[in-house]
Amino acid sequence: MSTMPNPEPDHAALVEGLARAGRTAQYALALMDDGAKAAALRSAAGSLCAHSAEILAANARDMAAGEARGLTSALLDRLRLDEGRIESVAAAVEAVAGLPDPVGEVISRSTAPSGIELTRVRIPIGLIGIVYESRPNVTADAAALCVRAGNAVLLRGGSEAVHSNRAIHAALVEGLVQGGVPADAVQLMPTQDREAVGAMLRAAGLIDMIIPRGGRSLVERVQNEARVPVLAHLDGLCHTYIHEAADPEMARGIALNAKMRRTGICGATETLLLDASFPGNREVVGALLDAGCELRGDARAQAIDPRIGPASANDWDTEYLDAIASVAVVDGIDAALAHIARHSSNHTDAIVTADEAVAERFLAEVDSAIVMVNASTQFADGGEFGLGAEIGIATGRLHARGPVALEGLTTYKWQVRGKGQVRP
């Protein structure tokens with residue numbers, strides 16, 4: 001008896017069905033007022049905490065699979081959840097609930113020569129598709145921000161976190177529904193098939209914006225294939241430049257934190273630039289090496305400490321996401337700016353200096369989404385900026401730049417009020 005092969009899944013039909021359900025839910029969500037949306041998010045935060053045991057059990061499955069697959073320590077750190085991290089995820093959702101509702105905000109108001117009154121008002125974007133990797137907390141962060149800004153969202157997480165994402169999504173939606181948000185306002189793609197991502201990218205007219213959050217290969221695929229507007233960021237090739245006028249103790253502390261606090265986040269410093277005239281270079285690289293960081297440097301950097309290995313040409317353009325950093329010795333601010341302009345991904349770059357004029361020049365001339373003075377690049381985070389959670393760090397120039405939170409998830413419309421005017 002012959003058997004028929006299983007038919008190929010129709011990913012376009014799957015995405016269309018999810019998108020249409022999401023758009024219907026978004027219409028209802030857009031009618032909810034500020035208080036109702038905030039209350040629903042607080043309910044969702046409570047549900048996350050109430051279901052922490054299920055979430056941890058799901059995460060344990062993902063961690064075991066990740067270890068078996070040989071994921072790096074940095075990727076496992078991104079994936080790992082514990083009670084404290086779940087509490088932090090819930091707290092981030094609570095924080096978003098407490099933020100001012102951007103929907104309905106009047107951006108500008110004026111009267112034209114004709115006498116018509118013009119008002120520009122913030123509105124939701126609509127249905128947002130988010131494709132992400134590794135970090136299960138993105139499931140909650142993205143959903144909370146989208147709901148707060150009146151958007152529906154279709155989430156597609158990475159296969160390495162599939163069980164964690166499903167558990168977080170289930171808990172989150174349970175709380176949102178109890179608060180009156182339609183269940184279809186926050187949907188999770190039910191398949192990990194890569195072709196389903198392609199169907200999302202081609203869903204013009206159904207999905208209003210795609211946001212990729214992951215490594216270079218994911219972002220490049222989205223940008224190359226998308227027929228839907230994309231809000232993206234590239235690698236976090238972040239630099240910390242220790243200027244000759246830096247306070248030695250501050251320089252050591254910032255460099256150590258910027259690289260080693262959490263090596264697997266996009267705000268981790270990947271390249272350390274040391275001014276040739278800075279007297280504390282040996283102490284800075286010694287602190288990193290003693291902390292277990294592998295350093296790869298140019299010839300002058302290698303001369304500072306014999307433990308520094310040689311850097312290849314590729315090292316200056318590598319996002320390690322691990323306890324590895326490249327080190328270059330530069331001759332002053334001009335050389336530092338030139339190196340950053342050549343190798344930065346325009347994410348986050350920092351200077352450590354006591355010279356205010358040099359600091360202001362660095363702020364003005366470095367063309368990155370986030371430019372810092374005397375602070376660790378690990379502060380490149382929407383929560384640290386007072387934005388609640390974040391969707392990601394946008395490195396482009398259109399629509400939003402830097403940490404993308406509520407404002408970046410809205411657009412606007414013009415409201416025109418007249419008194420019978422006709423155009424001559």
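This is a predicted model: local features need pLDDT of at least 70, side-chain atom pairs count only at pLDDT 80 or more; totals for chains, interfaces and linings use all residues.

Visitor: How many cavities of 30 Å³ or more does the search find?

Guide: The search covers the whole structure. With a cut-off of 30 Å³ or more, the count of cavities is three.

Visitor: Which element gives the largest share of the lining of the largest cavity?

Guide: This cavity holds about 50 Å³ of space. Its lining includes Ile211 and Pro212, as well as Gly392, Ile393 and Ala394. Two elements give two or more residues each, β6 (209-213) and β14 (392-394). The largest share, three residues, comes from β14.

Visitor: How many charged residues are in that lining?

Guide: Leu231, His233 and Val404 are also among the lining residues. By class, eight residues are nonpolar and two are polar.

Visitor: Which element gives the most to the lining of the second largest cavity?

Guide: About 40 Å³ of space lies here. At least two lining residues come from each of α10 (248-260) and β8 (269-275). With three residues, the element that gives the most is β8.

Visitor: How many residues of this second lining are charged?

Guide: The lining is Ala255, Lys259, Thr269, Thr271, Leu272, Leu288 and Ala325. Four are nonpolar and two are polar. Lys counts as charged. The number of charged residues is one.

Conventions. Residues are numbered from 1 along each chain as its sequence is written. Side-chain values use heavy atoms; hydrogens and water are left out. On a 1 Å grid over the protein atoms alone, a cavity is a set of points where a 1.4 Å probe fits but cannot get out, and a pocket is an open set with protein on both sides within 12 Å along at least five of seven lines; lining residues have an atom within 4 Å of a point. Grid points are joined across faces, edges and corners, and a volume is the space filled by probe spheres set on the points. Helices (H or I, at least four residues) and strands (E, at least two) are DSSP runs, numbered from the N terminus.
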